[in-house]
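Open the model in your viewer and keep the selection panel at hand. This tour goes stop by stop.

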Amino acid sequence: MALDEFLVELDGLTDSATESLNAALDVDSLEAVRIDLLGAKSGRLKALQKGLAAIDSAEKPVAGKRFNEAKQKIEAAYAAAKERLTFAVAQQSAAGFDPTEPGCKPILGHLHPITQTIEELKDIFARLGFSVADGPEIEDERHNFEALNIARSHPARDPLDNFYLQTATKSAGAERSEWLLRSQTSTVQIRVMDETPPPVRIVSLGRVYRPDTADATHYPMFHQIEGLLVDTDVTMADLKSVLRMFCSSYLGEDVHVRFRPSFFPFTEPSVEVDMRWQDGWIEMGGAGMVDPNVFEAVGYDPEKVTGFAFGLGVERLCARRYGITDIREFFKNDVRFLHQF
Ligand code: PHE
C-alpha cells in the first residue's frame, strides 16, 4: 500500500471515530463504538494497522508515527466520551430521578363500602322525593329520648345500654348527664320537625352508638338510615310502598318485604321490617306510624298531620347485598377486604 493512500484512510478513520465517540448518547452505545474502532480482534484501527506491513520500508517510520498519533487521538476521544457519559449517569442518580426509567403507577384508594352504600341509599331516596337531613352524633336526652316519647323509666335509657358522656355522682346517688352518643338516628326526626313545619320528607344517614359486644352481627358503632314522612292522610300503605320500592331498587325486583308487629315508643302501630332476598330472611330495622305524642313534642297538630318513620341498618343492607357474613369486616381496615368494592 502507498503511503498517501494509507494516510488518507488514517485521517478518514480518525475523523469519523472522533465524531461517533462525541455523538454517543449513553454508555451502551459508546461501548459499541469502542468495539467497532478499538476492538482487539476486528476493530477498524487494528485492520488499518495490518496495512502498515505492506508499506515500503523507507516510508514505514513516518506511517508508524502517524498511526500512533491517530491511535492516541482516538483513545483520548474515547476516554473523554466515557467520562462525559458516566458523569451524566452519576448526576441523574444523585438527583434521584432517571427520566429513562418506566414510571410507577400510584396506588389509588376509593370510598369505603359503607360510604358507597350511604351514597347509593341517598340516591334511591332522592328519586322517591326524600331530601337528606343531618344531625349531631353527640345528643341530649330530649332528642334521643324525651321528644321521642321514651319515658325516663324506659329500659332503653339505661346507662348500661347507652354511651352517656359524663356521670356526676351526687350524695343521693349517681345522676345521669344530659349528653350521650346518640343510640339511634330517630333524633334527627325531632331536629327536623323542631325546625320545619309540615310537610316533611327526609332521610338521615349516620353513625349510632350502643355498648354492644362486637360479634358477627353487632358492633358498638354502626350506621342507620332514618326516614320520616309527614303530611296529611299518610297511611301505613304509604310506608309499605315506600319501603318496598326502596328494597327492590337496592336489592332487585325479586326481594320480598315482611312486616311483623312490634313496639317502639315513637311509632304506633310499629313494625319490624324483614327482607327476603336470594333465600334468606334478614331483619332490616323498625318502622311505624309517627306517635301523636311525638307530634305534640315538636308542636305539630296530631289532628291535622299523620306520618310514618323507619330506621334501617346500613351495614346490614350492604352485607346482605354482598353476602358479607361478619359486620366486623367493615371496620378492620383490611385492604384485601376493602379493595373488593
Ligand atoms: N330507632 C329505631 C331503632 O334504632 C328504629 C325505628 C326508626 C323504628 C323509626 C321506628 C321508626 O331500633
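**Stop 1: a strand pair**

Select residues 256-264 and 267-276. These are strand 9 and strand 10, which pair in the antiparallel sense over 8 bridges. Strands here are DSSP runs of E, at least two residues, numbered from the N terminus; two of them pair if DSSP finds at least two bridges between them. A hairpin of 2 residues joins strand 9 to strand 10. Now pick His-256: its bridge partner in strand 10 is Arg-276.

Before moving on, note that this is a predicted model, where local features need pLDDT of at least 70, side-chain atom pairs count only at pLDDT 80 or more, and totals for chains, interfaces and linings use all residues. Residues are numbered from 1 along each chain as its sequence is written, and side-chain values use heavy atoms, with hydrogens and water left out.

**Stop 2: aromatic rings**

The structure holds 12 aromatic pairs. Rings of Phe, Tyr and Trp (its six-membered ring) pair if their centres lie within 6.5 Å; planes under 30 degrees apart are stacked, over 60 edge-to-face, the rest tilted. Select Phe-264 and Phe-266. Their pair is tilted, at 5.8 Å centre to centre and 35° between the planes. Next, show Phe-330 and Phe-337. Their centres are 6.0 Å apart and their planes at 80°, so this pair is edge-to-face.

Is Phe-330 buried or exposed? Phe-330 is buried, at 1% relative accessibility. (Buried is under 20% relative accessible area, exposed over 50%, partly exposed in between, with a 1.4 Å probe and protein chains only.) Phe-337 is buried too, at 12%.

Then select Phe-125, Phe-130, Phe-246, Tyr-250, Phe-308 and Phe-310, which form one aromatic cluster.

**Stop 3: the ligand**

A polar side-chain atom of Arg-210 lies 2.9 Å from a ligand oxygen atom.

Key
Helix = DSSP H or I, 4+ residues; strand = E, 2+ residues; numbered from the N terminus. Polar contact = N/O pair within 3.5 Å; in protein donor to acceptor, adjacent residues only side chain to side chain.
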